Amino acid sequence: MEFKYDVIVIGAGHAGCEAACASANLGAKTCLITMDMNKIAQMSCNPAVGGIAKGQIVREVDALGGYMGIVTDRTAIQFRMLNRSKGPAMWSPRAQCDRAKFIWTWREILENTPNLHIWQDTVEELLVENGEVTGVTTVWGVTFFAKCVIVTAGTFLNGLMHIGRKMVPGGRTAEPASYHLTESITRHGITVGRMKTGTPVRIDGRSVHFEDMEPQPGENDFHRFSYISEPRALKQLECWTCFTNEEVHEILRTGLPDSPLYNGQIKSIGPRYCPSIETKLFTFPDKEQHQLFLEPEGETTHEMYLNGFSSSLPIDVQIHALKKIPAFRDMVVYRPGYAIEYDFFDPTQLQHTLESKLVKNLFLAGQVNGTTGYEEAAGQGLVAGINAAINCAGGEPFILGRDEAYIGVLIDDLVTKGVDEPYRMFTSRAEYRILLRQDDADMRLTERSYNIGLAKQDRYEKMKSKRESIQHLIGFAQSYAIKANLINDALQQLGTTPLVRGCKLSDLINRPQITLKNIAEFVPAFKNELDKLTDRKEETIEAAEIQMKYQGYIDREKIIADKIHRLESIRIKDKFDYDQLNSLTIEARQKLKRINPVTLAQASRIPGISPSDINVLLVLLGR
C-alpha cells in the first residue's frame with residue numbers, strides 16, 4: 001500500500017460516511033479511517049432517521065447524491081410522516097431502522113465505492129506545514145499523507161461517559177475515546193469546547209407488558225426517503241407509548257444528589273431539545289407525567305429503545321424508577337442510560353465550505369462542530385466531502401444558500417452564529433421553509449449536484465422526468481375549463497360550495513376539500529392524465545398538488561429571498577479593518593472581526609449586529 005491520498009476522512013459515523021463517498025465519487029482518492037469497521041454508521045442513540053426538519057435534511061442529502069436516504073429505506077422497520085396536521089412545509093419523514101442492518105448496508109456501499117479505501121485505526125496527530133494540512137499519523141505509527149483532511153470524530157474526542165458518580169473514558173459504550181487529536185488541532189489556534197449528550201436505557205422486549213401500552217403504528221404508503229429507492233423491504237413494526245408517573249418521579253428525585261448533571265461532575269452543556277429525564281423533572285417540576293416511546297432496535301432483536309428517558313442517574317435508580325411504570329414492572333434491561341462529554345470546535349472558525357479559516361484544506365463536519373443528530377452530521381459531511389474533492393481538483397466552492405436547503409441554513413447558522421449548546425435543526429430555523437419542503441428537495445438540488453458530477457445520470461433523468469410530469473399536470477389543470485352544471489353535484493359530494501359559473505380546474509384544486517385524486521374521479525380527462533403517470537406516480541401527484549395549492553405562498557417567499565440575495569451579492573470579506581470603524585458599536589466591531597463575514601447578508605445574521613450597523617457598512621461601501 002501507498003499511504004498517500006487526496007482526501008482522508010477521520011471517523012466513519014454519519015458525517016464521515018457521506019464525506020468519504022462524496023469525495024470518492026467526485027474522483028478524489030479517499031481513505032476513511034475508523035476505529036472499528038464493524039461500527040460504521042453506528043446509530044449511537046436512537047436507531048431512527050429523520051424527524052421534524054431532520055427528515056428534510058435527509059431528503060436533501062439524497063437529492064444531492066448522498067446515501068443516508070437509500071440506507072434508511074433499505075433498513076426501515078417503521079415509517080411515519082410527521083406534522084401531517086400542518087401544511088406541507090412542515091411535513092417531515094421519520095423512519096425507525098434496524099440498527100445492525102443499517103451498519104452493514106452502509107459498509108456494503110463504502111466497500112463498493114470506487115476510489116475509496118477503509119483503514120481500521122485511530123488517528124492521534126494532524127500533520128500541518130506552513131498553515132496547510134499534509135496528513136495524519138495513527139496510534140499504530142502509520143503516517144498518511146493527503147491534500148485534504150476531514151475530521152468527523154463525533155463524540156470520541158476525549159470522550160468521558162457518566163453513570164451516577166461513575167466515570168469511564170470512551171467515545172460511546174464499549175468503545176475507547178480518541179486522545180491527542182484535539183490537542184494537535186488546537187495548537188494551530190482552533191478553539192475547543194466541551195459538550196454533553198446522553199442516551200436512554202435499552203430494554204429486553206420479552207419483559208415488557210405491552211398490554212399496558214398504547215401501540216403507535218407506522219405508515220406503509222408511497223413515501224420514502226430516497227427519490228430513487230425501491231419500496232421498503234423489511235417487516236414493518238409498531239412502536240409503543242406510555243407515561244411516567246409521580247411515583248417514578250419521586251424515585252428519580254432521590255437520585256439527583258448522585259446525578260452528574262446536578263452534582264457538578266458534568267460541567268458542559270447538553271442538548272436543550274432532547275433533555276434527560278432528570279432535566280425534565282427540574283425544568284417542569286409541576287408536570288405529573290412525561291410521555292415515553294418504546295421503539296424496536298431491529299427486525300429480529302428483542303432489544304428496545306426507551307425514547308424520552310435519557311439519563312445518567314445511577315443504574316439502580318434508573319431501574320427502580322422504571323419498574324413503577326406498569327408496562328415495565330418486570331423489566332429486564334440490556335444496559336442503562338448514560339451521559340457523555342466530548343470535545344467540539346468553534347464552528348465560526350470555519351468557512352461555508354466547512355474548511356478551517358486557520359488551517360488550509362482542513363475540514364470539520366458533524367458533532368465536532370457542535371451539532372447533534374445523525375442527519376445534521378450527514379448534511380455537513382456531504383458538503384465537506386464535496387469541497388475537499390474540489391480543493392484537490394480545482395473548481396468553485398460548493399455552498400448551499402439558506403433559500404436552497406436546510407443544509408444551507410444549518411451551515412450558515414454554525415459559521416455565522418456559532419453554538420453555545422448542541423445545535424439541532426428545526427423548521428423554525430429556516431426563514432424560507434415553504435421553499436424547503438421535503439417533497440421538492442430533488443427539484444431544488446439534484447441539478448446542482450449533477451453539474452459538479454456527484455448526482456449520476458440516472459438520478460438526474462428521474463428528476464427531469466418528474467419535473468416534466470409535474471409541469472404537465474399543472475399546465476393541464478390551469479387550462480382545462482370546468483362547467484358548473486357538470487361538476488356541481490360532485491362538488492357537493494366532496495363537501496365544497498357549488499359553482500355559480502364555470503372556472504379552470506386549477507381554481508377548484510385550490511379549494512381545501514379538493515385533491516387531484518378526488519376531483520379526477522369526476523373529470524375523466526384529468527383522470528386520464530393521472531393514469532398516464534408511471535414512475536413514482538403518487539409522489540408526482542403529491543408534489544404537483546402542493547405546488548398548485550401553495551403557489552401564492554411560494555412566489556411570495558421567492559420574492560423575499562431575492563431581496564436578501566442582493567445583500568448576499570455584496571462581498572465584504574477582508575474589506576474593512578473593523579477595529580477602526582468607530583461608527584459601529586463595540587459589540588459589532590468585535591463580532592465582525594471574529595467572524596469576518598463573506599457577505600453583507602451573512603453579517604446581518606450575526607447575533608448582536610443591528611440594522612444600523614449594516615447601514616453603516618453600506619455607506620462605507622458607497623452603496
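Is Lys517 buried, exposed or partly exposed? In this predicted model, Lys517 has a relative accessibility of 39% and counts as partly exposed. Its side chain takes part in a salt bridge with Glu538, and a search of the whole structure finds 46 salt bridges.

**Lys517, Glu538 and helix H17**

- The side chains of Lys517 and Glu538 form a salt bridge with an N to O distance of 2.4 Å.
- Because Lys517 belongs to helix H15 (residues 516-520) and Glu538 to helix H17 (residues 537-549), this pair ties together parts that are 21 residues apart in sequence.
- Glu538, at 28% relative accessibility, counts as partly exposed, and Lys517 is likewise partly exposed at 39%.
- Helix H17 comprises 13 residues and spans 18 Å from its first C-alpha to its last, close to the 18 Å expected at 1.5 Å a residue.
- Buried residues of H17 include Glu539, Glu542 and Glu545, together with Thr540, Ile541, Ala543, Ala544, Ile546 and Met548.

- A salt bridge joins the side chains of Arg605 and Asp412, with 2.5 Å from N to O.
- Arg605 is located in the loop between helix H20 (600-604) and helix H21 (611-620), whereas Asp412 is in helix H10 (residues 406-417), so the pair connects parts that are 193 residues apart in sequence.
- Arg605 and Asp412 are both buried.
- These two residues belong to a network of salt bridges that also links Arg402, Asp413, Lys417, Glu431 and Glu568.

**Arg172 and Glu175**

- The side chains of Arg172 and Glu175 meet in a salt bridge, at 2.5 Å from N to O.
- Arg172 is buried, because its relative accessibility of 14% falls under the 20% limit.
- Glu175 is also buried, with a relative accessible area of 9%.
- In general, side chains of opposite charge can pair when their charged atoms come close.

**Surroundings of Arg459**

- Arg459 is situated in helix H12 (residues 457-479) and counts as buried at 7% relative accessibility.
- Its side chain reaches the backbone oxygen of Asp62 at a distance of 2.6 Å.
- Leaving aside neighbours within four places in sequence, Arg459 is in contact with Asp62, Ala63, Gly65, Gly66 and Ile70, and also with Ser226, Ile228 and Thr446.

- Three strands form an open sheet in the order S3-S5-S4, and their pairing is antiparallel.
- Strand S3 (48-50) and strand S4 (76-82) stand at the edges with a single partner strand each, so one side of each has no neighbour in the sheet.
- On average, neighbouring strands of this sheet are turned by 15° against each other, direction ignored.
- S4 and strand S5 (residues 92-97) run antiparallel and are joined by six bridges.
- Within this sheet, Gln78 has Gln96 of S5 as its bridge partner.
- Helix H3 (residues 68-75) packs on the sheet and touches S3, S4 and S5, its direction making about 115° with that of S4.

Conventions. Residues numbered from 1 in each chain as written. Predicted model: local features only at pLDDT ≥ 70, side-chain atom pairs only at ≥ 80, totals over all residues. Heavy atoms only, no water. Salt bridge = Lys/Arg side-chain N within 4 Å of Asp/Glu carboxyl O. Buried < 20%, exposed > 50% of the residue type's maximum accessible area, 1.4 Å probe, protein only. Helix = DSSP H or I, 4+ residues; strand = E, 2+ residues; numbered from the N terminus. Expected span 1.5 Å × (residues − 1). Polar contact = N/O pair within 3.5 Å; in protein donor to acceptor, adjacent residues only side chain to side chain. Contact = heavy atoms within 4.5 Å. Pairing = 2+ DSSP bridges. Axes fitted to C-alpha atoms, helices over the stretch in contact; angles between N-to-C directions.
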